[in-house]
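Take a look at the chain below and trace it from one end to the other. Then we'll go through its shape, its surface and its charged side chains.

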Amino acid sequence: GSLRAAAQLNFQIRQQLETATNRSDHLAAELRNMRQRIAQSDRRREKSANKADALRLKARNERERKREDDEASRRRNQPR
(Lines give C-alpha, C1' and ligand atoms only; values in the text may rest on other atoms or scores of the structure.)
Protein backbone atom coordinates (compact mmCIF):
# COMPACT_ATOMS: atom_id res chain seq x y z
CA GLY A 1 0.00 0.00 0.00
CA SER A 2 2.75 2.43 0.87
CA LEU A 3 4.52 1.68 -2.42
CA ARG A 4 1.32 2.40 -4.31
CA ALA A 5 0.86 5.69 -2.44
CA ALA A 6 4.49 6.65 -3.11
CA ALA A 7 4.10 5.79 -6.81
CA GLN A 8 0.92 7.84 -7.01
CA LEU A 9 2.61 10.78 -5.27
CA ASN A 10 5.57 10.54 -7.67
CA PHE A 11 3.17 10.49 -10.62
CA GLN A 12 1.39 13.62 -9.35
CA ILE A 13 4.70 15.39 -8.79
CA ARG A 14 5.83 14.50 -12.33
CA GLN A 15 2.55 15.83 -13.74
CA GLN A 16 2.91 19.08 -11.81
CA LEU A 17 6.50 19.43 -12.97
CA GLU A 18 5.48 18.82 -16.58
CA THR A 19 2.66 21.36 -16.26
CA ALA A 20 5.05 23.93 -14.77
CA THR A 21 7.60 23.28 -17.55
CA ASN A 22 4.95 23.65 -20.27
CA ARG A 23 3.70 26.86 -18.70
CA SER A 24 7.23 28.21 -18.46
CA ASP A 25 7.87 27.39 -22.13
CA HIS A 26 4.59 29.03 -23.13
CA LEU A 27 5.35 32.18 -21.11
CA ALA A 28 8.86 32.38 -22.58
CA ALA A 29 7.41 32.21 -26.11
CA GLU A 30 4.83 34.86 -25.23
CA LEU A 31 7.55 37.09 -23.81
CA ARG A 32 9.60 36.71 -27.02
CA ASN A 33 6.54 37.65 -29.10
CA MET A 34 5.84 40.69 -26.94
CA ARG A 35 9.44 41.86 -27.19
CA GLN A 36 9.30 41.49 -30.97
CA ARG A 37 6.07 43.51 -31.15
CA ILE A 38 7.57 46.20 -28.91
CA ALA A 39 10.67 46.38 -31.10
CA GLN A 40 8.52 46.63 -34.25
CA SER A 41 6.42 49.33 -32.64
CA ASP A 42 9.54 51.25 -31.63
CA ARG A 43 10.89 51.02 -35.19
CA ARG A 44 7.57 52.23 -36.63
CA ARG A 45 7.44 55.12 -34.15
CA GLU A 46 11.03 56.12 -34.93
CA LYS A 47 10.41 55.92 -38.67
CA SER A 48 7.26 58.01 -38.29
CA ALA A 49 9.08 60.60 -36.17
CA ASN A 50 11.90 60.82 -38.73
CA LYS A 51 9.40 61.26 -41.54
CA ALA A 52 7.57 63.98 -39.60
CA ASP A 53 10.87 65.76 -38.94
CA ALA A 54 11.75 65.58 -42.62
CA LEU A 55 8.34 66.97 -43.62
CA ARG A 56 8.68 69.83 -41.12
CA LEU A 57 12.18 70.61 -42.42
CA LYS A 58 10.94 70.55 -46.01
CA ALA A 59 8.04 72.88 -45.16
CA ARG A 60 10.38 75.25 -43.30
CA ASN A 61 12.79 75.29 -46.27
CA GLU A 62 9.90 75.96 -48.65
CA ARG A 63 8.70 78.87 -46.50
CA GLU A 64 12.23 80.26 -46.28
CA ARG A 65 12.74 79.93 -50.04
CA LYS A 66 9.39 81.61 -50.72
CA ARG A 67 10.21 84.44 -48.33
CA GLU A 68 13.58 84.98 -50.00
CA ASP A 69 11.95 84.93 -53.44
CA ASP A 70 9.34 87.47 -52.29
CA GLU A 71 12.02 89.74 -50.85
CA ALA A 72 14.09 89.53 -54.05
CA SER A 73 11.00 90.27 -56.11
CA ARG A 74 10.18 93.31 -53.97
CA ARG A 75 13.75 94.61 -54.31
CA ARG A 76 13.58 94.29 -58.10
CA ASN A 77 10.22 96.06 -58.31
CA GLN A 78 11.21 99.04 -56.14
CA PRO A 79 11.75 102.28 -58.07
CA ARG A 80 15.27 103.65 -57.82
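This is a predicted model: local features need pLDDT of at least 70, side-chain atom pairs count only at pLDDT 80 or more; totals for chains, interfaces and linings use all residues.

A quick word on terms before we start: helices here are DSSP runs of H or I with at least four residues, numbered from the N terminus.

**The overall shape**

How many helices and strands are there in the protein chain? The count is 1 helix and 0 strands. The radius of gyration of the protein chain is 34 Å, well over the 12 Å that the globule rule gives for 80 residues, so the chain is more spread out than a compact globule. You can see that in the C-alpha trace too, which spans about 120 × 10 × 5 Å along its principal axes.

Asp70 and Leu17 sit 53 residues apart along the chain, and their C-alpha atoms are separated by 79 Å. Asn77 and Ala20 are 57 residues apart in sequence, with 84 Å from C-alpha to C-alpha.

**The surface**

What share of the 80 residues counts as buried? The answer is 0%.

Asp70, at 32%, is partly exposed.

**Charges and how they pair up**

The protein chain carries 22 positive and 12 negative side chains. The centres of these two sets lie 3 Å apart. Side chains of opposite charge can pair when their charged atoms come close. For a salt bridge, the cut-off is a side-chain nitrogen of Lys or Arg within 4 Å of a carboxyl oxygen of Asp or Glu. By this rule there are 7 salt bridges. Here are three of them, including their spacing along helix H1:

| Pair | N to O distance | Spacing in helix H1 |
|---|---|---|
| Arg45 and Asp42 | 3.5 Å | 3 residues |
| Asp53 and Arg56 | 2.5 Å | 3 residues |
| Lys66 and Asp70 | 3.6 Å | 4 residues |

Let's go through them in turn. Arg45 and Asp42 both lie in helix H1, which runs over residues 2-77, and they are about one turn of the helix apart.

Next come Asp53 and Arg56, which are 3 residues apart in helix H1, so about one helical turn separates them. Asp53 counts as partly exposed, with 40% relative accessibility.

Then we get back to Asp70, whose salt-bridge partner is Lys66. Lys66 and Asp70 are about one turn of helix H1 apart. As we saw, Asp70 is partly exposed, with a relative accessible area of 32%.

Which residues are linked in a network of salt bridges? They are Glu62, Arg65 and Asp69.

Definitions and conventions:
Residues are numbered from 1 along each chain as its sequence is written. Side-chain values use heavy atoms; hydrogens and water are left out. Helices (H or I, at least four residues) and strands (E, at least two) are DSSP runs, numbered from the N terminus. Buried means under 20% relative accessible area, exposed over 50%, partly exposed in between (1.4 Å probe, protein chains only). The radius of gyration is taken over C-alpha atoms; the globule rule is 2.2 Å times the number of residues to the power 0.38. Lys and Arg count as positive and Asp and Glu as negative; His and the chain ends are not counted. The place of a charge is taken as NZ of Lys, CZ of Arg, CG of Asp or CD of Glu.
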